[in-house]
Amino acid sequence: MILIKRLFLKIVSQPLLHFILLGGLLFVLQPIFRQPLPLVPIQISSSAQLGLYENWTRETGRKPSVEEQAALLEQHIDEELLLREARRLELHLHDSVVQERLLRNMQFAEQAPGLDDATLLKSAYALGMAEADLVVRRRLLQLMRHRLQRSARVSEADALQYFETRIGDFEQPTRYSFSQVYIPSAPDADSQLLTAENALKLGQDYTELGKPFLLGKHFEKLTAAQIKRQLGDDFVPLIASAPQGEWFGPITSIYGKHLIRVDAVEAPRAPSFSTVRSRVTAELYAQREDAALRANLDLLRNRYPVHV
C-alpha cells in the first residue's frame with residue numbers, strides 16, 4: 001500500500017503531467033471564455049448602389065424603375081449576407097472548387113515557379129483573391145443557397161395535397177387535330193388557291209392538292225401553344241372557333257396561304273396524380289426551397305447589421 005502511494009505521488013509530481021492536464025483544462029474551457037468575433041456591418045454605399053443601376057442599364061438598354069432599383073438593392077444585400085456567412089463558416093477555405101480556382105489564378109500570376117499548392121493558397125488568401133474573384137463569389141453563393149435550402153422536404157402526402165388544391169394548374173390543355181392544303185407565296189398563288197378550293201368542294205383528296213409543307217399536311221393533337229409556335233399567332237383563334245370537318249381559310253402565314261380543316265378536338269381534362277407526380281413534386285419542392293432560403297436570409301439580416 002505504501003509502495004502504491006509513493007508511486008502515485010511520483011507520477012503526479014511530474015511536470016509533463018501538469019502540462020497535459022492544464023492543456024486539457026484550457027481546451028475544455030475555451031468555448032466558455034472565447035469571445036465571438038464582432039460582426040462587421042454590411043455597408044452599401046451610394047456609389048455601390050449607383051453601380052448596380054448602371055450595370056442594369058448596360059444590360060437592358062434602359063434605366064431601372066423605382067421598383068427595379070429596390071429589387072436590385074435587395075438582391076445585392078442578400079448576396080452580401082450569403083457571402084459574409086460563407087466566409088464565417090470558412091467555406092472558402094475548404095471547398096475544392098474554390099481552392100482549384102485560386103490555385104489557377106496563382107499559377108498564372110506567380111513569378112516564382114515551383115511553389116507547392118499550400119504556399120500558393122496561403123498567398124491567394126492573403127491577397128484577398130477569395131473575396132475579389134467573381135468565380136469564387138458565385139461558387140460561395142451557390143454553396144450557401146444549397147446549405148440554406150436543404151431543409152426543404154416534400155412528402156407524398158404534401159405533393160398530393162398540393163395537386164388537389166391546384167388541380168387546374170395541371171389540367172391537360174385542349175388539343176386539336178387538323179389538316180391543311182398549303183399554297184406557297186408565288187405570283188400565281190391566288191389561282192392555285194382557287195383551284196384547290198374547287199377541288200375540295202368536289203371531294204378530292206386534300207393530300208393531292210397544294211404543295212408539300214415542311215411540317216406536313218396533317219397535325220395530330222397539338223395544343224394552342226404548339227400551333228402558335230409551329231404556324232403562327234393567327235392560326236390559334238381561327239382553329240379554336242372553326243366547326244369540325246369543314247374547310248376554311250385561307251390563313252396567311254410567313255410561309256404562304258393555308259386552307260384548314262379541323263378534324264378533332266380533345267377537350268381539356270384533369271390528369272391523375274400519378275401522371276404528374278414528378279412535376280407536382282418538383283414544383284412544390286422548388287417553392288419550399290425558396291421559402292427556406294428566404295426565411296434563413298431573414299435570420300441573417302437579424303444577425304448582420306446592414307447600413308444603406
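Reader: Which residues of H9 and H14 meet?
Author: This is a predicted model. In H9, Arg145, Leu148 and Gln149 make the contact. On the H14 side they meet Glu289, Asp290, Ala292, Leu293, Asn296 and Leu300.

Reader: How do those residues split by class?
Author: The contact of H9 with H14 has 4 nonpolar, 2 polar and 3 charged residues.

Reader: And what angle do H9 and H14 pack at?
Author: About 105°. Their axes lie 8 Å apart. H9 covers residues 134-149, and H14 covers residues 273-303.

Reader: What do we call that arrangement of H9 and H14?
Author: Roughly perpendicular. Angles from 65 to 115 degrees count as that.

Reader: OK, now H10. How does H10 pack with H14?
Author: At an angle of about 100°, with the axes 9 Å apart. H10 is residues 156-165. So H10 and H14 are roughly perpendicular to each other.

Reader: Which residues make the contact?
Author: From H10, they are Glu156, Asp158, Ala159, Leu160, Tyr162 and Phe163. H14 brings several, including Phe273, Val276, Val280, Leu284 and Arg288. By class, the contact of H10 with H14 divides into 8 nonpolar, 2 polar and 5 charged residues.

Reader: New topic. Where is Ser177?
Author: In strand E2, which spans residues 175-184.

Reader: Is Ser177 buried or exposed?
Author: Buried. Its relative accessible area is 5%, and buried means under 20%.

Reader: What does the side chain of Ser177 reach?
Author: The backbone nitrogen of Lys221, at 3.0 Å.

Reader: Which residues is Ser177 in contact with, leaving aside neighbours within four places in sequence?
Author: Phe219, Glu220, Lys221, Arg261, Val262, Asp263 and Ala264.

Notes: Residues numbered from 1 in each chain as written. Predicted model: local features only at pLDDT ≥ 70, side-chain atom pairs only at ≥ 80, totals over all residues. Heavy atoms only, no water. Axes fitted to C-alpha atoms, helices over the stretch in contact; angles between N-to-C directions. Helix = DSSP H or I, 4+ residues; strand = E, 2+ residues; numbered from the N terminus. Parallel < 35°, antiparallel > 145°, perpendicular 65-115°, else oblique. Contact = heavy atoms within 4.5 Å. Nonpolar A, V, L, I, M, F, W, Y, C, P; charged D, E, K, R; others polar. Buried < 20%, exposed > 50% of the residue type's maximum accessible area, 1.4 Å probe, protein only. Polar contact = N/O pair within 3.5 Å; in protein donor to acceptor, adjacent residues only side chain to side chain.
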